[in-house]
Each structure stands twice: as structure tokens, then as C-alpha cells.
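Reader: I am new to this structure. Please take me through the whole chain, then look closely at one residue inside it.

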Amino acid sequence: MLLFNLNKIFYYFLLIFFFFSLVGIGQIINNKLIKIKNINFFENFIIGIFFLIFYLQIHIIFFSINFFNSLMIISFLLIGFYFTSKLLLKIFSYKLIISLILCYLVVLNSSVFPYYNVIFDYGLYHNAYLNWLNQSNIVLGLANLDNRFGYTGSSYLLGAFFNFYPFFNKGFIFTTSIFYVFLIFLLIHDIDLKKNKFDNLFNLLILYVVLKYIFVEALSDVSPSKIVACLIIYIFYNLIKNYKYELKNNFIYSVIGLPILVSLSPSSWLISI
């Protein structure tokens, strides 16, 4: 496998763009509406991805999820990226560079096409369901065609969105991997080796687990299982940090993360049954 080629470099920059865009959208919403105090700027990804999932849940009721129908949310992503790029200039450091380098490992993993011996279910029903989402608004009774269509959660909405149908059709590259990029930036930004504190040990151990997972498991996936693991890690991270620093409303990030977990399950998508 080639480590560098034009496709992988392109996917890498797209992945970083999507991540920074969602962080920016989250920061804007936080500043204007929620006003959560935070130490780690990248936590705003949780608000950004919550907003995107909430938007797509409503969008699919009336419209298919394709490039042209998604121009409004794409414009939000551009605004979010612009907002983040200005803030990154203020917090630019070696930690940011390390995070960017490690994220290329994510692309090397997630850009592998999920054929049957990588992600068996992608060919079985994942791709078929994404095609439905890309080409039609919500179809009542779709699970009558195949019961697997009845337990598909919001991760498939993200996969359909990142397909940018009919131009790209490779949403599997970003759906799961963007959550691992989130953990990489979050944990590395919070490490301070000048201070002897429990947080450093926790962040380093979790970062080791995340990186090991990247090398072992395929991230070219639109199913929710790997995303759930990322969100559970984050919720524990947030609760531990909130207790230590006594940020009075910072735990709300965990409260926002819990509905995302629920939306990944089929119980949130009963209308598809």
C-alpha cells in the first residue's frame, strides 16, 4: 500500500476540513446560545456534530441527502472552517502539528475500500441503504425489504452526507474517522508534560488505545460501533476533567454527547421500520 498518493492527500485535507468546520460550527453555536465554559477548544466538535446530525434527521424527512440539497449545510461548514482557521492561528503549537501528522494515519486506514473481508456488512446492506438516503427522502416501510434497514441510525445519515452524491460516493472515509480525529486533537491538546497530573496519564493511555485501534481496525465504516466507543471515551474524559477543574457547566458537553449516542441506535429511527 502506498503511503502517499494524490487521493490519500486529498482525503486527508478533506477530513481535516470537515473536522475544523464542525469545531467552528460548534464554537459559534456555543458562543451564541449554549455558552459552555471550556478549556479545550476542540470539545466544540461535540456541539458541531450534534447540530449536523440534528439537521440531517430533519432534512431526510423532506429531501434526499445529496450535494445539491445539502448546499445550505455545506455553506455552514465553510463558515465554521473560516471561524476555526482564525482561532487556530492563536493556538498554533507543536501539539497541533503532532495532531495533524497523526491524523494522516487515520486516512491511511479509512481510505481502504470496505470490501467484504474488511467490512462485510458494507456490501451486504450499508451501501444499499446509503443509496436510498442519497436518492430519496425517507421511505416508510423500507425495513420490509430487508430487516437490516430497520436498525440503521444516524451514522448512516453522516455517511450519506459525506458521499456528496453524485460526485464523491466515498462517505465511508469520513463517517467514523472524523471521531478519531476528534479524540487525537482533544487528547494531545490537553497533555501538559510540564505538570505531573493524573490527566496526563489518562490522556496518554487513551491516546495509545486510540492509535492502536487505528492500526488494528478498519475505519472505512459507516456503522455506529466504533463511533460509540469514541463518544464513551469522550464522556468519561469530560466528566473527569469537569470534576477536577470545577467548570460549573462544562458537563453539558457530556449531556450533548448522550443524545448523539442514542441517535446512533435504531431506536431513534423507528420511522424507517
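Author: The protein chain exposes about 12,900 Å². Carbon and sulfur atoms supply 71% of that area. This is a predicted model. Of the 273 residues in the protein chain, 54% count as buried.

Now the fold. The protein chain has 11 helices and zero strands. Its pattern along the sequence reads α-α-α-α-α-α-α-α-α-α-α. The radius of gyration of the protein chain is 18 Å, close to the 19 Å that the globule rule gives for 273 residues, so the chain is as compact as a globular protein of that length. Along the principal axes, the C-alpha atoms fill a box of roughly 55 × 45 × 30 Å.

Contacts come next. Take those in the protein chain with a separation of 6 or more: residues 24 or more positions apart account for 77% of them.

Then charge. The protein chain carries 17 positive and 9 negative side chains. The centres of these two sets lie 10 Å apart.

Is Ile-206 buried or exposed? Its relative accessibility is 17%. Buried means under 20%, so Ile-206 counts as buried. Which residues does Ile-206 touch, leaving aside its neighbours within four places in sequence? Ile-206 is in contact with Leu-187 and Ile-233.

Technical notes
Residues are numbered from 1 along each chain as its sequence is written. This is a predicted model: local features need pLDDT of at least 70, side-chain atom pairs count only at pLDDT 80 or more; totals for chains, interfaces and linings use all residues. Side-chain values use heavy atoms; hydrogens and water are left out. Buried means under 20% relative accessible area, exposed over 50%, partly exposed in between (1.4 Å probe, protein chains only). Contact means heavy atoms within 4.5 Å. Helices (H or I, at least four residues) and strands (E, at least two) are DSSP runs, numbered from the N terminus. The radius of gyration is taken over C-alpha atoms; the globule rule is 2.2 Å times the number of residues to the power 0.38. Accessible areas come from the Shrake-Rupley method with a 1.4 Å probe; for residues, only the protein chains shown count as cover. Lys and Arg count as positive and Asp and Glu as negative; His and the chain ends are not counted. The place of a charge is taken as NZ of Lys, CZ of Arg, CG of Asp or CD of Glu.
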